[in-house]
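Trainee: I have just opened this entry and would like to go through it with you. Could we begin with the charged side chains?

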Amino acid sequence: MKKVATRFAPSPTGPLHIGGLRTALFNWLYSKNKSGKFYLRIEDTDKERSKEEHKIQIINSLKWMGIEHDGEEYIQSEMIGEHVAIAKRLLENGNAYKCYCSAEEIEEQKKRAKQKKIPYVYNRKWRDISEDQTPKNIKPVIRFKSKINGTSLLKDLVQGNVEIENNTIEDFVILRNDETPTYNLSASVDDHNMEMTHIIRGDDHKINTFKQIQIYEALGWDIPKFAHIPLIHTIDGKKLSKRDNASTLEDYSKIGILPESLRNYLLRLGWSYKDKEIFDLDESIKLFNLEGIGKSPSKLDMSRILSMNEYYIKNSEENILYKKLKEYCEIYKDKIEEEKENTMKNSLKFLKNKAKTLEDIFNNSKYLLNDKVIFNDSDKKLINDEAKKIIHLFKEKISKIDVFDRENLEQIVNGLIKLKNTNFKGVGQPLRIMLTGSKFGPGIYDIILSLGKKEVIKRLGNVGQDNI
RNA sequence: GGUCCCUUCGUCUAUCGGUUAGGACACAUGGUUUUCAUCCAUGAAAGAGGGGUUCGAUUCCCCUAGGGACCGCCA
């Protein structure tokens, strides 16, 4: 039994989107589960559209989610010579032939087929014409001699048995007239050379598989096992593409989705293990299998991602969470000043219970991050004369206490509520606005304690200034 | 249009012929919390339709409908 080897083979023509990320995840998990290898192949043979920056973005995206490939990344464009050689071999073995149809001629045939509403299949014009009858002034493409009769069966590990009439697979081009190989040739040769045992990829490749299997057979190569996973659909049921919003990894990282949340979400999208919802990294590796993959496409659900993220944030240890927050703020918000570090770390205990994303934490901690409180006009109006009196009294009272803790603060607040014959809101709201510039946020005692006595007194002193 | 695939609550899914069709997210209501949340409890919510097979079908088979993917000298 050969050691399991899987690969993820994106083309670097754009940023990785989360459908691709899920495919990579499934490949990676499967290989880890089988103690096998996982490789990354960059399919950059489309020179026009392939970009180095996208390649880097893809690798970083995988790394972000904890997916690391074995060995160096395999660069497909470097192997073109090999692909061309195989095309020639196929030609010599009689499994392929030169086709002299011009692009215009093919275009014309397609157009006509469309008009007549009949399916277009390349007419195999040059399939059986001997070499001495061919034009010498036209550069041919090389087409693979696909089977014409009978049916082919794909024993797909996810889709089950899929049978297709061979004559629906046309004689596809394997080498263009500029001597460059096409996808189905390159992919087959590379997968063979890389000794892939399992090819796990999107459903959209299913028809290609029939072509690729024929190439394997023509060359006498071992055929890997295939698993075609259903695609991720947008909310209106279409294949997810890079153009859809909220489709790239960046769309999620920028609002502060944690890698482990997205990993868990993507794992459970189209795959299940009993009623289990939360899988830590070890569990996902241990429990992942192809049998658990469903056959129908699934839709992306943002509220589910958010709720997963909320779970992972709540269950993060504060020091680890802080590291992630720090990194997040550096990239997407403002750098957290060093002197705020301890305060922030300590405050995460309560901040993390009110957040679905790192961005929420950032927003809820602005009062700690910024020394100057910014007020909006409608909030300012809430600081009326009565509120001002309460703020003054509160300031006076906390100045006098020795132990600045929750218990003493509660006593003071409750005392004020009684004295002023009001409710908690009557005291809490003015304080909250003065201290944070917002009506919402963490609990008032958390705010006060996290700011510290000195800062609280200072901020409450703003009453009477700045139009307040 | 052709080929192939899919179809259980709004969403992700469990069920491998016998269940009051289960869970999670979202939603609604109530409670806790004197902000917003959290948390807790409760609730509403599904087998596309029609035929078979069977003592019995969500489950197996067929048809219909709906949806999707592919149909490049892109990958």
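Predicted model: local features only at pLDDT ≥ 70, side-chain atom pairs only at ≥ 80, totals over all residues.

Trainee: Which side chain does K147 meet in a salt bridge?

Mentor: The partner is E217, at 3.0 Å from N to O. The pair links distant parts of the chain, 70 residues apart. K147 lies in the loop between β5 and β6 (151-156), while E217 belongs to helix α6, residues 206-219.

Trainee: And is E217 buried, exposed or partly exposed?

Mentor: E217 is partly exposed, with a relative accessible area of 40%.

Trainee: Which residues do salt bridges with shared partners join into one network?

Mentor: R7, R41, E43, D190 and D191 are joined in that way. Within this group, the side chains of R41 and E43 meet at 2.8 Å, N to O.

Trainee: Are R41 and E43 buried or exposed?

Mentor: Both of them are buried.

Trainee: What about K47 and D44, at what N to O distance do they meet?

Mentor: Their side chains form a salt bridge at 3.9 Å. K47 is exposed, since its relative accessible area is 57%, whereas D44 counts as buried because its value is 10%.

Trainee: How many salt bridges are there by this rule?

Mentor: The count comes to 30.

Trainee: Let us change topic. How many disulfides does the structure hold?

Mentor: It holds zero disulfides. C101, for instance, is in no disulfide, and the nearest cysteine sulfur, that of C99, is 3.8 Å away.

Trainee: Is C101 buried or exposed? And C329?

Mentor: C101 counts as buried, at 11% relative accessibility. C329 is also buried, with a relative accessible area of 0%.

Trainee: Now the strands. In what order do the three strands of the open sheet run?

Mentor: The order is β4-β5-β8, with antiparallel pairing. The edge strands are β4 (96-99) and β8 (173-175), each of which pairs on one side only. From one strand to the next, the twist averages 45 degrees.

Trainee: Over how many bridges do β4 and β5 pair?

Mentor: β4 and β5, the latter covering residues 141-144, pair over four bridges in the antiparallel sense. K98 stands opposite I142 in β5.

How values were computed: Residues numbered from 1 in each chain as written. Chains lettered and ligands numbered in written order. Heavy atoms only, no water. Pairing = 2+ DSSP bridges. Helix = DSSP H or I, 4+ residues; strand = E, 2+ residues; numbered from the N terminus. Axes fitted to C-alpha atoms, helices over the stretch in contact; angles between N-to-C directions. Disulfide = S-S within 2.5 Å. Buried < 20%, exposed > 50% of the residue type's maximum accessible area, 1.4 Å probe, protein only. Salt bridge = Lys/Arg side-chain N within 4 Å of Asp/Glu carboxyl O.
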